[in-house]
Amino acid sequence: MTASESRRIPPGIWALGFVSMLMDISSEMIHALLPIYMVTVLGTSTLAVGIIEGIAEATASIVKVFSGALSDWLGKRKLLAAVGYGLGALTKLIFPLAGALGWLVAARFIDRVGKGIRGAPRDALVADLAPPELRGASFGLRQTLDTIGAFTGPLLAIGLMWLLADDFRAVFWIAVVPAVLSVAVLVLAVRDPATEAVRRPARFPLHRRDLARLGTRYWWVVGVAAVMTLARFSEAFLLLRFQQFDVPVFLLPFVLVVMGIAYSLSAYPAGAVSDRLDRVTLLQVGLALLVLADLTLAWGPNLLVAGIGIALWGLHMGFSQGLLAAMIADTAAADLRGTAFGVFNLVTGVALLVASVVAGALWDTVGSSATFLAGAIFSALALAGLVIIKLRTDHLSVSTQAR
């Protein structure tokens, strides 16, 4: 994207990107250490980690359905986003105060409720604010800033763990600061667009009429994303894979740093290019990268090869997450965008729950290689689904031109 195009992206989208970045710094300072803390300090099994992570993310996704639909009805997406980010900031206080696994699970659960409340309204707000010709770039920009936070957080965790002699709780306390700043930026710098969608009658967010209005193309995107998510289980397993190479505990967050750098470097360019080229084709590239990442992590014999797998995983995220969000915005009516993102996140959240539980079970019973090989198989299935979408889209285009 050119400098002139980046300047055309509304300030509200830039602000939302910085809001995401600050909250991600806070979250990743904690989450980069949490799986290792649970396994090595508290003696939690890998299967239990998978179940905890899966339930946490699935909870966020279920909440997104209701918050997204509510934002469609209220026409005030910022309000719900502020509630979600505020709850996320408040729950960061629980992590340093937690004295047992039950408290950590509760904190993780409540934190994901906050994420669920803010996720769909925030994405719908980006879609509302973004000019149609810059939609991919706008989602890519927000995703890039979000991902800068995703690797800055682990970097801070590494430095602080070294400085504070592996004092987990001290790091958790410091993580509260960027979370509070995130809420402040949202409240002060983001506004709902002046032209709001017409408010619809309040009703259950999964009303069959609304689901029918979302259309076939939307459901194809959701279906492919669900299969893709089965291949992309919780990032906790990436940390546990590197632990097998006897990496010191305070250096393990480097896994998320490498992934985050690859993610942030690719998300914005991929989104910008998708505004000019076909989004489906670029998403196919993203899935091919995930297949390579899973195979590399399954069979990588040493730290260097596994590191390449992590970088490929990050590139896959850059070539998929922003593009999927843009595709949802492309296929959903303006007055259903909150619902569309909510349903999308519900389906992918349930898929993540299944993926994380299966990943943990395979890890404990067969081994880590089986976990990543299963991911590669699901990636290939999602790639096949994208080929079908591409063929259907091309067929519709030809039919329209013929008329």
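1. A quick definition to start: a salt bridge here is a side-chain nitrogen of Lys or Arg within 4 Å of a carboxyl oxygen of Asp or Glu. On charges, Lys and Arg count as positive and Asp and Glu as negative, with His and the chain ends not counted. Buried means under 20% relative accessible area, exposed over 50%, and partly exposed in between (1.4 Å probe, protein chains only).

2. Some housekeeping. This is a predicted model, so local features need pLDDT of at least 70 and side-chain atom pairs count only at pLDDT 80 or more, while totals for chains, interfaces and linings use all residues. Residues are numbered from 1 along each chain as its sequence is written, and side-chain values use heavy atoms, with hydrogens and water left out.

3. Now D24, which sits in helix α2 (residues 11-31). D24 is buried but has no salt bridge; R118, the nearest side chain of opposite charge, is 6.0 Å away. Not counting residues up to four places away in sequence, D24 touches D146, G149 and A150 (contact means heavy atoms within 4.5 Å).

4. The overall picture: 19 helices and zero strands. Helices (H or I, at least four residues) and strands (E, at least two) are DSSP runs, numbered from the N terminus. Of the 403 residues in the chain, 59% are buried. Among contacts with a separation of 6 or more, 86% join residues 24 or more positions apart.

5. On packing, the largest nonpolar core has 85 residues, and W313 and F341 have the most contacts inside it. Helix α15 (residues 279-299) gives this core its largest share, nine residues. A second, separate core has 20 residues, including Y37 and M161. A core here is a set of buried Ala, Val, Leu, Ile, Met, Phe, Trp, Tyr and Cys residues joined through side-chain atoms within 4.5 Å.

6. A32 counts as buried because its relative accessible area is 0%. Leaving aside neighbours within four places in sequence, A32 contacts P154, L239, P253 and L256. F151 is 119 residues from A32 in sequence, yet the two are 9.6 Å apart, C-alpha to C-alpha.

7. I51, I55, F109 and I110 make a nonpolar surface patch of about 300 Å², with α4 (46-74) and α7 (101-129) each supplying at least two residues. F109, in helix α7, counts as partly exposed because its relative accessibility is 39%. Patch residues have over 30% relative accessible area and no salt bridge; nonpolar side chains (Val, Leu, Ile, Met, Phe, Trp, Tyr) are joined within 5 Å, like charges within 9 Å.

Key. Accessible areas come from the Shrake-Rupley method with a 1.4 Å probe; for residues, only the protein chains shown count as cover.
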